[in-house]
Amino acid sequence: MGPAIGAATGLLFAALGVTAPGTAMAEADLATATSVVEAHKAIPTFDPPGAPFDAKTCMAGKKILSIPVTSAIPFVAGIEEALVEAGKEVGVEVKTWQNQGNPTQWVQGVEYAVSNGYDAVGMTAGIIPSSLGPQLTAAREAGLRIYATHHADVTDAPDPMADLNLPISYTEVGQIMAAWVIEQTGGAANVLVIGSDDVLPSQPYWKSFQAELTKLDPDSKATYYNVTVPEWATKIQTTTQSALLSDPSINYIMPLYDSMSQFILPALAITGKRGQVPIASFNGTPFVIDLVQNGDVAMDLGESLGWIARSTLDAYMRDLCGLDDAPDELYVPFLIFDKDNAETAGTPADFDQGYGDAHVEGFRKLWGLE
């Protein structure tokens, strides 16, 4: 075989996604993948995100209005509920602005905060502050502080309309998910990834996953499909079915956000792949951990909603109290739930079970409550 023919043959095998005869497979770094997985199976410990302070004294009389991206998503509603409860521990009034994801309702929330003497507006889990520029400018001119939490990746530029940006590391989430897939498949994974480009951190999350997959196992591959949030109920199933039928070698499915899993399961059943192609995802939403318990989902990387709420309130209070050590990232550890530990989240699973309680005592001490 001449050089030209050899090169053409190599391109053909590459296009088919298979290894040419006689070509050595790159060895996956299973040791590193396993190490990452095991590290995130351990109950998290508490590492104080700042210096202790007398929260009850410096927050006396202050009020915070929290506006979630929508009250209709159980994961988001759970964060809000935990945030209100954490405020009660300190004696701070935290009110949730109930809404159904309509930007007009977010505007109404900001206007309510301005006209009702609130000290700050916090936006949770997806609202991009700059999308409310005129209203937030008016709020700032009225003396309110503007916050955004759990809305972006740490690699995203801070939103200039927020006085405090608290992203989480979706980059780290992508790395953990890649390690899991490699560890579970033994290398040479072929992953179907479904994301939503209308959710700000989706692209950095996906790119981090892809980069880590390539680094730890060059023979693995992943294919990304974009399904926007309003299309989840109508397009995730059909997208999954088409992908599985066109590429029977897919051996793992990773929806970026775990609530997508409910639309993937019917596709697995219709294509005869249920029980053959595992699902792994991120968020720790209780009904998905229930799916882990019954074997429909292999793994859900969880984040404690109680931990998110306390970390958010801690940062808000540090800013409102005039401390100069407010963090630039939300302090939230990630915990793997799989068949070995999913029952620790409760049956049915709860938003805040299975993570231990180090954060409860830790934040209380940090705030001078103990």
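**Exercise 1.** In which loop is Ser-259 found, and is Ser-259 buried or exposed?

*Solution.* In this predicted model, begin by locating the residue: Ser-259 is found in the loop that lies between strand E8 (252–255) and helix H10 (261–270). Next, take the relative accessibility of Ser-259, which is 16%, and compare this with the cut-off, since buried means under 20% relative accessible area; Ser-259 therefore counts as buried. Finally, list the surroundings: once neighbours within four places in sequence are left aside, Ser-259 is in contact with Trp-232, Thr-285, Phe-287 and Val-288.

**Exercise 2.** Describe the setting of Ser-169, including what its side chain reaches.

*Solution.* The residue lies in the loop between strand E5 (164–168) and helix H7 (170–185). Because its relative accessibility is 11%, Ser-169 counts as buried. Its side chain reaches the backbone nitrogen of Glu-172 at 3.0 Å, and, not counting residues up to four places away in sequence, Ser-169 touches Asp-153, Val-154, Glu-329 and Phe-334.

**Exercise 3.** Work out how strand E2 is joined to strand E1, and which residues of E2 form its covered face.

*Solution.* Strand E1 (residues 63–68) and E2 run parallel and are joined by four bridges; the partner of Lys-63 in E2 is Glu-93. Between the two strands the chain passes through helix H4 (residues 74–90), and this β-α-β crossover from E1 to E2 is right-handed. For the faces, recall that side chains in a regular strand alternate between the two faces of the sheet. In strand E2 (residues 93–96), Val-94 and Thr-96 make up the covered face, whereas Glu-93 and Lys-95 make up the uncovered one.

How values were computed
Residues are numbered from 1 along each chain as its sequence is written. This is a predicted model: local features need pLDDT of at least 70, side-chain atom pairs count only at pLDDT 80 or more; totals for chains, interfaces and linings use all residues. Side-chain values use heavy atoms; hydrogens and water are left out. Buried means under 20% relative accessible area, exposed over 50%, partly exposed in between (1.4 Å probe, protein chains only). Two strands pair if DSSP finds at least two bridges between them. A crossover is right-handed if, with the strands pointing away from the viewer, the path from the first strand over the helix to the second runs clockwise. Contact means heavy atoms within 4.5 Å. A polar contact is a pair of N or O atoms within 3.5 Å; within protein, one must be able to donate a hydrogen and the other to accept it, and residues adjacent in sequence count only if both atoms are side-chain atoms.
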